[in-house]
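The following exercises concern a single structure. Please work through each task before reading its solution.

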Amino acid sequence: MISQLFILSSKGDHLIYKDFRGEAGNDVINVFYEKVTALPGDQPPVVMSHRDLHFVHVRQGGLYWVATTTSAGSSPFTIIDFLNRLAALVTDYCGSLSEKSVQMNFALIYELLDEVVDYGYIQTTSSDVLKNFIQTEAVSSRPFSLFDLSNVGLFGAETQQSKVAPSSAATRPIQSSRDQGVFVDVIERLSVIIGSNGAVMKADVEGEIKVKCYMLNCSEMRIGLNEEFSIGRSTLRGYGAAVHVDECRFHQAVKLDEFDDHRILKLCPSQGEQTVMQYQLSDNLPSPPPFRLFPTIERDNRGRLLIYMKLRCDLPPKSAAINVSVSVPVPKGCVSLSQELSSPEQRCELKPQSRSLVWTVPRCSGGTQLSAVFKLDVPGLSSASMLEVGPVGLTFELPKLTSTGLQIRFLRLTPVQPGPSQRWVRYVTHSDSYIIRV
Amino acid sequence: MTDSKYFTTTKKGEIFELKAELNSDKKEKKKEAVKKVIASMTVGKDVSALFPDVVNCMQTDNLELKKLVYLYLMNYAKSQPDMAIMAVNTFVKDCEDPNPLIRALAVRTMGCIRVDKITEYLCEPLRKCLKDEDPYVRKTAAVCVAKLHDINAQLVEDQGFLDTLKDLISDSNPMVVANAVAALSEIAESHPNSNLMDLNPQTMNKLLTALNECTEWGQIFILDCLANYTPRDDRESQSICERVTPRLSHANSAVVLSAVKVLMKFMEMLPKDLDYYGTLLKKLAPPLVTLLSAEPELQYVALRNINLIVQRRPEILKHEMKVFYVKYNDPIYVKLEKLDIMIRLASQANIAQVLAELKEYATEVDVDFVRKAVRAIGRCAIKVEQSAERCVSTLLDLIQTKVNYVVQEAIVVIKDIFRKYPNKYESVIATLCENLDSLDEPEARAAMIWIVGEYAERIDNADELLESFLEGFHDESTQVQLQLLTAIVKLFLKKPTETQELVQQVLSLATQDSDNPDLRDRGYIYWRLLSTDPVAAKEVVLAEKPLISEETDLIEPTLLEELICHIGTLASVYHKPPSAFVEGNHGVQHKGLPGSAGSAESESPDAVSAGAATEAPAAVIPSQGDLLGDLLNLDLTPPATTGPLPHSGGMQMGAMDLLGGGLDSLMGAGFGAPPAAMPPAFSAPVSGSLYDLFDLDNGVGMPLGSFCPPKTVWLPAMKAKGLEISGTFVRHAGVIQMEMTITNKAMSVMTGFAIQFNRNSFGLAPAGPIQVPSPLSPNQNIEVSLPLNTVGPVMKMEPLNNLQVKKTLVVFLFRQVFLATWKDIPNENESQFQIKDCHLNSDAASNKLQSINIFTIAERTVDGQDMLYQSMKLTNGIWALAELKVQAGNPNYTVSLKCRAPEVSQCVFQSYEAVLKN
């Protein structure tokens with residue numbers, strides 16, 4: 001049972017405070033803020049207690065979302081899940097999530113809270129149900145900017161306007177339904193560990209299909225996945241090119257009667273964002289991991305540490321990875337760095353506080369190979385400190401690509417929507433934890 | 001125009017301005033003003049002065065404005081109760097509104113106004129709303145009953161709202177059901193004796209049906225409620241499991257975790273050889289794995305829970321080691337938790353994999369994590385014997401890196417490995433000694449010194465090494481000083497000729513120049529020992545040390561069981577029972593896992609674990625939990641300060657308090673006329689001190705032939721180099737005796753028997769030395785009977801390992817006392833047991849029980865059932881009261897036990913069963 005709920009800005013300002021059960025005063029807000037800011041790094045921040053009161057919080061949009069509870073029976077799991085959901089709801093209703101948008105829409109958020117939680121019991125978080133009760137209009141926080149030219153083509157020309165949705169299209173309040181649209185995102189997170197011998201020790205994908213819907217009069221949406229999509233090890237269909245996942249979970253609103261035969265997800269989308277399907281795959285990735293790294297570490301005759309790195313991108317030639325960042329732990333006491341990089345847009349930086357050097361590559365297309373040499377000055381370099389050059393971590397983004405090969409064949413809305421296409425499908429793979437051991 | 005401007009008005013006279021605006025005629029202006037008021041309220045400004053003006057805005061048909069006003073009311077009504085009455089009329093009127101939204105809003109808000117005077121006005125509207133045609137209003141009303149109950153519980157009972165609420169469980173709308181369940185569960189928690197949440201198969205069925213249709217949050221309420229149900233048999237338990245299992249694939253992970261809790265609990269009931277049991281185990285793994293793909297906060301909570309599950313049923317996740325591999329971007333608290341689970345899952349099959357992972361972790365950047373990883377390698381070595389060698393070589397590799405903290409941590413764990421596998425890996429000592437100079441942390445220094453002292457005979461320059469430490473003796477931390485003192489004494493005993501000077505030096509440093517009493521005392525002991533009897537000193541200082549075992553970091557079984565019942569709740573995150581962090585007034589219920597079904601199953605480990613406190617033979621698990629479960633477990637290891645002893649002391653105090661409270665009036669009335677139930681044997685002088693009154697043990701003769709529990713094997717030959725001891729405790733003429741059969745199953749003769757009782761909660765101690773005619777030749781056995789008394793905590797030392805005592809002793813209770821006490825003991829401490837197949841009538845049962853000093857205080861017959869009220873007292877002052885239900889012709893007896901210390905109920909019950917069946 002939730003006793004109180006409050007939202008704080010990152011500076012500790014009270015944005016929203018709601019007491020559901022009258023069990024404690026609002027002075028606990030300051031107690032919480034003191035506790036959370038004084039927390040040492042290795043302490044789990046999830047549950048903190050103050051006398052009888054237990055704080056559970058999450059951080060979303062730079063804000064603290066905090067719930068307190070006094071009863072031992074309440075589940076922090078439920079509360080965290082709920083807080084995340086609440087943040088998503090507020091995002092749906094206010095368009096975006098920031099200190100400003102929460103401040104501007106406090107009346108709306110109070111109204112939401114009233115419906116969502118009663119006496120600490122969570123009632124509902126479905127925007128479908130809530131739209132019957134919510135009266136307050138959202139105030140949009142999009143700032144006017146002279147530089148926001150996303151909607152204007154060169155000299156006012158209509159360049160690709162029909163192909164690309166404006167960047168702000170997916171961040172507006174669900175209530176303002178002037179222009180409608182459906183956004184389907186297939187997001188995958190890749191975690192890979194490659195051993196020092198080059199063997200892939202672990203390769204997991206966690207994926208989800210998210211639907212963000214601004215349609216008012218859409219009664220049914222049908223999402224067609226690859227027909228050869230299979231779940232679990234036993235149900236492989238045909239042979240070879242099947243798209244395969246180990247485990248699949250669906251939103252409870254999804255009807256699966258056509259899923260077994262035609263791989264079609266049927267749902268009647270409620271407004272706002274929801275995760276329609278989550279899936280995961282471990283170890284049997286259909287394609288090789290996107291990056292390989294070939295490092296050589298040696299000591300030159302002037303006592304410097306030399307690191308040669310060859311980074312090979314194994315993506316298909318037409319695809320590319322963006323925002324690639326390679327982080328290499330370096331020995332303690334490393335004072336300076338000089339580097340030779342293969343192109344000018346690449347960067348390299350030494351970060352002494354995290355004892356690592358970070359090599360960033362804005363774009364790396366499939367089939368290419370990049371190399372770099374780093375020379376590090378380490379006073380008192382010993383053979384042991386060579387061992388401190390630890391596992392290399394990569395972060396990157398693969399737009400328009402799914403590592404499982406999952407594709408959306410079609411997206412049909414009933415009744416058929418008039419006007420130009422308002423259906424957008426986006427694919428992206430993020431690196432979650434991509435480690436190459438050296 | 002945005003709302004943010006409300007936050008920026010800070011002028012003087014602001015309240016005044018707002019007042020004017022609130023009284024404006026324009027609706028828009030009013031609304032803006034109320035918004036400003038609420039904005040000020042949020043940031044903590046006191047706007048209570050505006051109360052009448054805001055309440056005036058309440059009469060409006062604008063729903064948005066109405067909601068804002070209600071928001072204000074909820075906040076300030078408490079501070080202005082008289083004014084709040086002004087609002088009542090509007091509320092009552094709103095409850096009749098044709099718009100269900102307004103009806104619900106009114107009921108919801110009224111419940112939140114925590115003013116006593118309002119509650120009476122609330123009853124009528126609430127009664128109507130509970131029967132409203134609109135489910136939205138009904139579900140709001142259901143919650144409102146819980147709110148009202150919190151303010152005025154009596155009123156709710158008098159008005160019959162509880163029954164209406166119970167009816168709502170059968171409502172057609174699942175949302176209403178969920179809220180009714182939530183409200184009832186909470187009310188039931190504060191009324192432990194009511195049968196509000198009377199779960200029977202019919203209601204279960206309703207709940208399970210509603211489960212499929214509810215919102216995700218409603219499902220959580222219902223699942224949590226299901227978890228409190230105890231199925232009648234394994235069939236029912238299986239069918240519930242079958243209906244709950246689909247929840248495991250729910251997208252909301254809180255639902256998944258609640259379902260896991262239900263399944264983990266009901267699984268206890270299922271026989272292990274059932275196919276379904278295996279299927280269920282398999283089904284549990286994937287959802288648990290999926291929980292780990294959530295945000296770090298959720299991951300952490302999930303991992304804490306998985307940690308418990310893995311300890312209880314490692315088989316569920318034994319193939320899923322990989323998912324616990326640490327990701328480099330995991331927050332440190334997630335990493336540490338994963339590491340812990342990896343060790344728990346480590347087995348011979350996967351140890352190579354695990355070690356390779358751990359070695360990688362040991363080269364990471366984060367110092368804390370690296371340390372824990374190195375520790376983990378040591379734990380692996382101790383847990384999986386086959387891997388010890390590989391672990392040691394891994395550790396040596398790590399020492400070669402010369403990374404300071406890695407080396408130190410490695411040395412600390414190698415010390416533990418030496419303790420576990422003595423005389424096996426001493427070849428590495430040379431490598432360790434090379435790193436002597438780089439150690440700067442006390443723990444590592446102490447570990448290294450211990451190693452040097454322990455293996456002094458194999459290290460040529462041990463004296464030089466220790467001497468080097470001695471130079472800065474006073475700058476060292478206490479830990480190191482103590483270790484250094486011991487190490488040098490060891491060295492001296494091993495190489496007396498060369499090290500006389502050194503030992504003199506350290507003894508004088510410790511005794512003369514130190515202000516630390518621990519150090520000084522230890523110094524003096526060694527000094528005297530060495531000067532009086534060097535041979536004895538050798539035996540004491542160089543004695544064989546008990547091996548350490550991997551169980552040290554396991555959660556104590558009874559605590560684990562309780563925590564399993566609390567999966568998903570705060571208790572599972574803190575790994576503490578709810579009673580440890582919640583004040584009593586919230587009604588903490590002790591939960592236990594149900595026993596396995598059928599007597600045929602009673603041999604399975606699970607059934608035993610229910611009574612683990614008394615049954616677990618010679619467990620090496622140190623009592624690190626603070627439960628009383630170990631109360632009856634006489635463990636040879638010296639009790640840790642957090643162990644059961646201080647706790648049992650507290651329990652005794654509790655019992656004393658109880659007597660004080662319950663008996664004061666009785667004492668005042670004088671003892672002139674002892675109640676009829678007092679047996680004639682009771683002639684002990686009533687000295688006025690209550691304690692004496694109940695300490696009657698010796699004043700009472702033994703009636704009838706005393707019952708003697710059969711002997712059980714306390715110490716199997718395997719564990720004690722061939723010495724087997726089986727024994728029991730009996731009471732002859734008021735003297736407790738320990739009867740033992742000692743058997744020599746070894747090949748050689750045994751001599752020199754002595755016995756020592758560890759300090760135990762009963763204060764049992766031998767009254768005389770043990771009489772064993774030595775030598776005891778191979779395969780000879782001998783009966784020994786040792787009189788005991790209960791005077792004191794004594795400590796000596798001898799071969800007898802862990803005994804357990806199950807002992808009930810005499811006490812007489814007067815009927816009034818019995819009743820008072822019975823009432824005084826909170827209901828959650830009551831436990832019920834069934835004794836099956838017992839063919840005695842109540843008189844015979846009563847006589848039998850008397851033979852083990854359980855006395856019948858009163859007897860009555862209700863509906864053909866004989867109710868016997870009985871009492872007993874353990875020697876440590878813990879009382880247990882029992883109600884024994886005997887029905888003529890029915891071989892099953894029901895025992896309800898009430899006790900201040902619910903943990904002993906299980907053992908008391910077992911004595912009951914043993915006696916009645918004999």
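**Exercise 1: a loop residue**

The side chain of Asn197(A) comes to 3.1 Å from the backbone nitrogen of Ala199(A), a polar contact (N or O atoms within 3.5 Å, one able to donate a hydrogen and the other to accept it; residues adjacent in sequence count only if both atoms are side-chain atoms). This is a predicted model, in which local features need pLDDT of at least 70 and side-chain atom pairs pLDDT 80 or more, while totals for chains, interfaces and linings use all residues. Residues are numbered from 1 along each chain, chains are lettered from A, and side-chain values use heavy atoms without hydrogens or water.

Task: determine where Asn197(A) lies and whether Asn197(A) counts as buried or exposed.

Solution. Step 1: Asn197(A) belongs to the loop between strand S8 (182–194) and strand S9 (200–213) of chain A; strands are DSSP runs of E, at least two residues, numbered from the N terminus. Step 2: its relative accessibility is 66%, so Asn197(A) is exposed (over 50%; buried is under 20%, partly exposed in between, with a 1.4 Å probe and protein chains only). Step 3: the C-alpha atoms of Asn197(A) and Val438(A) are 8.1 Å apart, although 241 residues separate them along the chain.

**Exercise 2: cysteines**

Task: state how many disulfides there are over all chains.

Solution. Step 1: a disulfide requires two cysteine sulfur atoms within 2.5 Å. Step 2: for Cys313(A), the closest cysteine sulfur, in Cys364(A), is 4.2 Å away and therefore too far for a bond. Step 3: the count over all chains is zero. Cys313(A) is buried at 0% relative accessible area, and Cys334(A) is buried at 12%.

Conventions. Helices (H or I, at least four residues) and strands (E, at least two) are DSSP runs, numbered from the N terminus.
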